[in-house]
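Visitor: Could you please take me through this structure? I am new to it.
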Amino acid sequence: MEAIAPHAQNAAPPRPGGLHGFVLDWAADQRVFKGVSWGKAMMWIFLLSDTFVFGCFLLGYMTMRMSTTEPWPNASEVFALEIFGTHMPLILIAIMTFVLISSSGTMAMAVNAAYRRDRRLTATLMIVTALFGATFVGMQAFEWSKLISEGVRPWGNPWGAAQFGSAFFMITGFHGTHVTIGVIFLLIVARKVWRGDYDSGRRGFFTSRSGRYEIVEITGLYWHFVDLVWVFIFALFYLW
Amino acid sequence: MAHAATHQHGHEARSATVVHEEGQAHPIRVYLVVWGWLFVLSLFSYLVDFFHLQGLLRWTLILIFMMLKAGLIVAVFMHMQWERLALAYAVLLPPIAVLVFVAIMVFESDYVHLLRLSYFSADGG
């Protein structure tokens, strides 16, 4: 492209922003998302579709909770723990929330380090993020086994509306799966960063193309989305 | 239009190079401040439950903290505030359809609830 139009490069005025720029971008008969690589645009579109998936889960949960005639179990008490003899309501969920937010922070730092070409720091931060993610999944496994041992099933529970179990297992299960996939994704990219694939131009085994440091940002988009979904689950399922 | 398109084409070639070199590089301070706020807001939402706030106050606080956290994550951590509007609108506007769906289902579940109350009332349901 640079070889074809060297003059236009120097002469081009900056693209307008705001609504005018929005209309021009969509009406230009060219790529719509200027300055955004296909990888990033596709990740955003995937995340949009995932938004609808989780949106519909939460919507289904709302519908069940609003239409049932039985009392809804009190999440504050269901997820309470005894810690050193003290009764702490919802404490496990609070810790899980803080773990996930910490991981989001280290991920943001990793993206920053990646664009500064700091290989070691990027890979380390990504591995720390993955460790936080694995901790989160571990705590979720603990939470699930605790509830199952107390008699919560998708078709019933000892405290009230039977729909509580199905909504709980469906929503947190799907979210936990996303976290697990994210951990795997993080570890794969961290390994490539550590090895210096994006400096040496080494080709990936799947696409046989060389990658760019932008993949760290794309991985970050996915990871932040997982945290974002948890924000909604925490507020609407656990606190409501 | 053709005129503008030519210019945009040329500019795209240049900005594509720039983007590859710089990406979404922002000062670390911004991330740290947002990180801190996310912790504070999460703590606040936990305290809402801890102090057993009830009723309208509870729902309002939960939803405000939720939206603030979601907004911070999308705007800063996911860099949406630095993207062009073409991408921001393509991602942020479609979820409005979910809100419309929510509104529909609120009416529907109220109706189902009413039906259940009147049909199950015989056996105390």
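**A walk through the model**

Guide: A:Arg191 is partly exposed, because 13 other C-beta atoms lie within 10 Å. A residue is buried if 20 or more other C-beta atoms lie within 10 Å of its own, exposed if 12 or fewer, and partly exposed in between, with C-beta atoms placed from the backbone. This is a predicted model, in which local features need pLDDT of at least 70 and side-chain atom pairs count only at pLDDT 80 or more, while totals for chains, interfaces and linings use all residues. Residues are numbered from 1 along each chain as its sequence is written, and chains are lettered from A and ligands numbered from 1 in the order in which they are written.

Visitor: Where is A:Arg191 found?

Guide: A:Arg191 is in helix α7 of chain A. Helices (H or I, at least four residues) and strands (E, at least two) are DSSP runs, numbered from the N terminus. A:Arg191 and A:Ala123 are 68 residues apart in sequence, and their C-alpha atoms are 7.0 Å apart in space.

Visitor: Which residues have the most contacts inside the largest nonpolar core?

Guide: They are A:Ala110, A:Met126, A:Val193, A:Val216 and A:Phe234, in a core of 69 residues. Such a core is a set of buried Ala, Val, Leu, Ile, Met, Phe, Trp, Tyr and Cys residues joined through C-beta atoms within 7 Å. Elements of both chains give two or more residues to this core: α3 (38–67), α5 (91–115), α6 (119–149), α7 (163–195) and α9 (214–239) of chain A, together with α2 (28–50), α3 (55–77) and α4 (85–92) of chain B. The element that gives the most is α9(A), with 18 residues.

Visitor: And what does A:Ala110 touch?

Guide: Leaving aside residues up to four places away in sequence, A:Ala110 touches A:Thr122, A:Leu125, A:Met126, A:Thr129, A:Val216 and A:Gly220. Two residues are in contact if their C-beta atoms, placed from the backbone, lie within 7 Å.

Visitor: How many residues does the contact take from chain A and from chain B?

Guide: It takes 61 residues from chain A and 60 residues from chain B. On the side of chain A that touches chain B, the elements giving two or more residues are α1 (6–11), α2 (18–27), α3, α5 and α9 of chain A. The residues of that side divide into 36 nonpolar, 16 polar and 9 charged. Here Ala, Val, Leu, Ile, Met, Phe, Trp, Tyr, Cys and Pro count as nonpolar, Asp, Glu, Lys and Arg as charged, and the others, Gly among them, as polar.

Visitor: Changing topic, how many helices does chain B have?

Guide: Chain B has 5 helices and 0 strands. Of its 125 residues, 18% count as buried. Helix α5(B) is hardly covered, as the count of buried residues among its 25 residues is 0.

Visitor: What pLDDT does chain B average?

Guide: Chain B averages a pLDDT of 82, and 78% of the residues score at least 70; pLDDT is the predictor's confidence in each residue, from 0 to 100. Over residues 1–22 of chain B, pLDDT stays under 50. The model scores ipTM 0.87 and pTM 0.86.

Visitor: One last point: is A:Leu90 buried or exposed?

Guide: A:Leu90 is buried, because 21 other C-beta atoms lie within 10 Å. A:Leu90 lies in the loop between β2 (86–88) and α5 of chain A, and has a positive phi of about 60 degrees although it is not a glycine. A:Asp29 also has a positive phi, of about 55 degrees, and is not a glycine. A:Asp29 counts as exposed, because it has 11 C-beta neighbours inside 10 Å.
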